[in-house]
Structure formats: C-alpha cells, structure tokens
Amino acid sequence: MTEPLLHSDRRGAGPLAVLLHPVGLDGTFWGALPDRLARTHTVVAIDMPGHGRSRPAARPGRMDACVTAVAAVIEAEAKGPAVVIGLSFGGMVAQNLALARPDLVAALIPSGCGGRIPEAARPAILARGTDAEAGGMAAVVEGTIERWFTSGFRATPAADAVRRRLLADDPSGWSAAWEAISGHDALDRLGAVRAPALVIGGEADAATPVEAARALSAAIPGAELALLAGAPHMMQIESPDLYAAAIEGFLARRGL
C-alpha cells in the first residue's frame with residue numbers, strides 16, 4: 001500500500017471538517033478547536049507537505065501541489081464534501097481548493113489570510129524561506145513569533161511550544177511553503193465560490209491586516225466576516241475561545 005503524502009489525525013463523528021494549519025506548524029496546533037468541533041463533526045487535522053509527520057515537500061513549492069494533496073485526503077475520507085478551515089498558509093490553500101475542487105468544499109473558512117500576495121511583496125515572502133535555508137530555523141523564529149503573537153503573549157508556554165516546533169522544522173519544508181505562498185493569487189477568481197464562507201480576521205494581526213480580511217470577504221459571494229477583538233495572527237492559540245466560537249456559530253447558522 002502506498003504511503004499517503006499527508007499525515008492526518010482524525011476524531012469525532014458526523015459531517016467532515018478539515019483543518020489546514022499555518023506555515024511551520026502542524027495539525028496539533030489548533031488549540032481547543034478540534035475537540036470542540038468533534039462534538040458534532042468528524043475532524044481531520046492535516047499536516048501539510050513538508051510539515052509534521054507528512055512527507056517532504058517537493059521543490060519549488062507550488063500552491064496547486066498543496067491543493068492536490070489536500071484534495072486526496074478529503075477524497076480518501078469518503079465523507080466529503082468538507083467544511084474546510086484554514087489559517088494563514090492553510091487559509092490560502094483552502095481558497096485555492098474551493099476554486100479547483102468545489103465538489104469537495106461544503107463550506108470555506110479562511111482566517112488570518114488575504115486573497116493574494118501582492119507582486120511587490122513576493123521577494124520578501126521568498127526570503128523567509130531562503131533565510132532559513134541559509135542560516136537554519138533559528139534565523140527566522142523570533143521574527144516569526146513577533147508577527148504571530150502580541151507582545152504580552154510571547155513569553156507564555158503556548159508561544160514557547162510554537163518556538164520549539166519552528167526550531168525543529170526542516171528548512172526545506174518551510175521554504176517550500178513560502179514558495180507556494182508567494183504564488184497565492186486567488187482574489188479575482190473568488191467570485192466563482194458558491195460554498196458558504198466565513199472569513200475570520202484578528203484585529204491585532206500584525207501579519208495580515210484587517211483590510212486584507214475585509215477584501216477577502218468582499219470577494220466571496222455571500223461571505224460572512226468575523227473580526228476578533230484583540231486577536232493576533234495565531235488567533236487559534238492566543239484567542240482560542242473567540243476563534244472556536246466564531247466557527248461554531250457560523251456552522252450552526254448555516255446548518256453545517
């Protein structure tokens with residue numbers, strides 16, 4: 001039997017909900033959300049290519065390759081279509097999955113991400129990967145933590161767990177993800193999305209401005225927008241109750 005490209009953890013029963021994590025983390029970094037959703041859903045938390053227990057990512061990293069790998073997991077579950085919840089990198093993959101494979105997406109919930117990476121920003125995005133390949137993950141970790149959490153949270157055990165995960169990452173897998181992110185450009189195509197959608201932004205997100213969340217929401221027909229007070233980029237970790245409640249409320253309103 002062929003080893004699957006992506007590792008995933010499964011819990012709960014009911015309609016399928018798939019979780020796509022941020023760059024550098026893995027499927028264990030979702031705070032309280034998996035256990036809360038597992039009361040009503042089958043929750044599958046995926047390790048993205050080159051992350052966690054998944055196989056190494058091909059180089060250069062490509063968004064379409066990430067989409068294909070995630071689609072294979074959903075198809076293998078045979079419970080689809082899925083509520084697809086993605087944060088940051090995972091939210092970008094979720095958008096592209098909804099466009100490429102609408103048959104697999106029952107609802108789209110991107111958070112902490114915009115609809116595109118501006119062309120002018122792409123060299124800086126790629127540098128986050130090449131800096132790690134040149135100097136190791138220690139060269140990029142503290143700058144990442146500063147973008148991801150508020151200043152008062154950076155010394156907590158939860159932030160330290162994120163540091164340890166990042167320091168243990170393979171720089172090639174990290175860089176492949178940034179290569180995929182650099183090519184993210186879905187905004188002008190999102191008018192084709194027909195799945196119910198909720199865009200979640202953090203009002204204290206230093207990595208993805210609230211304006212990007214608003215633009216993403218406006219681009220998806222009928223999308224709801226939830227802006228979480230005081231929440232940073234890693235809202236699922238620093239603001240777990242607000243984040244989970246926003247998702248649970250959306251799913252309840254939409255009967256999903």
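Among contacts in the chain that join residues at least 6 apart in sequence, 79% link residues at least 24 apart. The model is a predicted one, and the chain in it contains 10 helices and seven strands.

The overall dimensions were examined next. The C-alpha trace spans about 45 × 45 × 35 Å along its principal axes. Of the 256 residues, 53% are buried. The accessible surface of the chain amounts to about 10200 Å², and carbon and sulfur atoms account for 54% of this area. As for charge, the chain carries 23 positive and 27 negative side chains. The centres of these two sets are 4 Å apart.

The UniProt record, an unreviewed entry, places the feature "domain: AB hydrolase-1" at residues 18–246. Within this span, 43% is helix and 14% is strand.

Two residues were considered individually. The position of Pro-81 is in the loop that lies between α2 (63–77) and β4 (82–87). Pro-81 has a relative accessibility of 38% and therefore counts as partly exposed, because that class covers values between the 20% limit for buried residues and the 50% limit for exposed ones. When neighbours within four places in sequence are left aside, the contacts of Pro-81 are Leu-16, Asp-103, Leu-104, Val-105 and Ala-106. A further distance concerns Pro-102, which is 21 residues from Pro-81 along the chain; the C-alpha atoms of these two prolines are 8.5 Å apart.

The second residue, Ser-217, belongs to helix α8, which is formed by residues 210–219. Its relative accessibility is 9%, so Ser-217 counts as buried, since the buried class comprises values under 20%. With residues up to four places away in sequence not counted, Ser-217 touches Val-199, Ala-223, Glu-224 and Leu-225. Thus the loop residue Pro-81 is partly exposed, whereas the helix residue Ser-217 is buried.

Key. Residues are numbered from 1 along each chain as its sequence is written. This is a predicted model: local features need pLDDT of at least 70, side-chain atom pairs count only at pLDDT 80 or more; totals for chains, interfaces and linings use all residues. Side-chain values use heavy atoms; hydrogens and water are left out. Helices (H or I, at least four residues) and strands (E, at least two) are DSSP runs, numbered from the N terminus. Buried means under 20% relative accessible area, exposed over 50%, partly exposed in between (1.4 Å probe, protein chains only). Contact means heavy atoms within 4.5 Å. Accessible areas come from the Shrake-Rupley method with a 1.4 Å probe; for residues, only the protein chains shown count as cover. Lys and Arg count as positive and Asp and Glu as negative; His and the chain ends are not counted. The place of a charge is taken as NZ of Lys, CZ of Arg, CG of Asp or CD of Glu. UniProt positions are given in the numbering used here, feature names are shortened, and annotations may be inferred rather than shown by experiment.
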